[in-house]
Amino acid sequence: MRQHLKLPKSLDGNLWHYRNHGRANAMHHHAELEFNLVTQGRGLYLLENRKYEIRRGDLLWLFPAQEHVLVEQTLDFEMWVGVCKPRTVQRIATDAGAEALRQKNPSGEYCRRLPQPALTQLERMFSEIVATADKPGFFNSGLAYAFLSAWQRFEQAADVPVRDVHPAVEKAARLIHDGSNPLTLDEVARRSGLSSHRLSRLFKQQTGIALVDFRNRQRMERFLEIYGTGQRLTMLNAALEAGFGSYTKSRTPAPNSN
């Protein structure tokens, strides 16, 4: 799903501190370059056909053509999120070694674990930049410095182990995410090339979340987008459009006219 971040025209991007809000996350990508710096808790990212088990100190880069979703996070999960508009990335990523930042889907792995001093330094810097959000000039200058500094720390850090995701698991995640044609779990399994039992077991093993739970989270996310404030669709219609099945209505026998 192509996500539009609706960033203000006066800003070159955004920077904020994210906390687990208890809502489902949908698989998506966007035109902006993004980084995530984990400060607390643990999470599980599904990125293309790879998965990253992330924890405090992990710095993950997400490029414009890469679909990604945070499929699991502990209750105490927190991270800094930075996004930067394409034209700004092209302008600032000019130093040797920063060429990858200008690409939409570079090859290689882009998740590394920062040492504690580097993490502390970036956290302090990000907090100072966020405090200037009402001053676009200051904020844009700080945001550019934040991205280049984060990239420099990334290049100096150690790689985080990455596991490949089975093609059937990736296929199932994409099918479930596509809400244009809701499928049963048996249909998802058939199109993914595995039996429903095998797919469910493999999905749980590789992502840490049950297949049916992942599907329900995606449906809930679509429901919240469709229903909005309740002014566009009734709750029932929004639920049906999001892929939730309706309960079978029992019929009351007509009274005997004799």
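## Helices, salt bridges and single residues in a predicted model

In helix α5 (residues 185-192), the buried residues include V188, A189 and S192. These residues cover an arc of only 95° around the axis, so they sit on the same side of α5. The arc is taken from the directions that run from the helix axis to the C-beta atoms. On the other side of α5, D186 and R190 are exposed. Buried means under 20% relative accessible area, exposed means over 50%, and partly exposed is in between (1.4 Å probe, protein chains only). An α-helix has 3.6 residues a turn, so residues three or four places apart point the same way. After α5 comes G193, which has a positive phi, near 90°.

This is a predicted model, in which local features need pLDDT of at least 70 and side-chain atom pairs count only at pLDDT 80 or more, while totals for chains, interfaces and linings use all residues. Residues are numbered from 1 along each chain as its sequence is written, and side-chain values use heavy atoms, with hydrogens and water left out. Helices (H or I, at least four residues) and strands (E, at least two) are DSSP runs, numbered from the N terminus.

**Packing of α2 and α3**

Two packed helices are described by the angle between their axes and the distance between the axes. Helix α2 (residues 116-130) packs with helix α3 (residues 136-156) at an angle of about 170°, and their axes are 10 Å apart. That makes α2 roughly antiparallel to α3. Axes are lines fitted to C-alpha atoms, for helices over the stretch in contact, and angles run from 0 to 180 degrees between N-to-C directions. Angles under 35 degrees count as roughly parallel, over 145 as roughly antiparallel, 65 to 115 as roughly perpendicular and the rest as oblique.

On the α2 side, the contact (heavy atoms within 4.5 Å) is made by A118, Q121, L122, M125, F126 and I129. On the α3 side, the residues include F139, L143, Y145 and R153. The contact residues divide into 10 nonpolar, three polar and one charged. Here Ala, Val, Leu, Ile, Met, Phe, Trp, Tyr, Cys and Pro count as nonpolar, Asp, Glu, Lys and Arg as charged, and the others, Gly among them, as polar.

Helix α3 also holds N140, which counts as buried at 14% relative accessibility. Leaving aside residues up to four places away in sequence, N140 touches S10, L11 and D12.

**Salt bridges**

The structure holds seven salt bridges. A salt bridge is a side-chain nitrogen of Lys or Arg within 4 Å of a carboxyl oxygen of Asp or Glu. The table lists some of them.

| Pair | N to O distance |
|---|---|
| R91 and D12 | 3.4 Å |
| R19 and E78 | 3.5 Å |
| D58 and R113 | 2.5 Å |

R91 lies in helix α1 (residues 86-92) and D12 in the segment before β1, so the pair ties together parts that are 79 residues apart in sequence. D12 is buried, at 11% relative accessibility. R19 in strand β1 and E78 in strand β7 (residues 78-84) are 59 residues apart, and E78 is buried at 16%. D58 is buried, with a relative accessible area of 1%, whereas R113 is partly exposed at 24%.

**Two further residues**

K6 lies in the segment before β1 and is exposed, with a relative accessible area of 78%. Most residues other than glycine have a negative phi. K6 is not a glycine, but has a positive phi of about 55°.

R23 lies in the loop between β1 (13-19) and β2 (33-40) and is partly exposed at 42% relative accessibility. R23 and R217 are 194 residues apart in sequence, and 8.0 Å apart in space, C-alpha to C-alpha.
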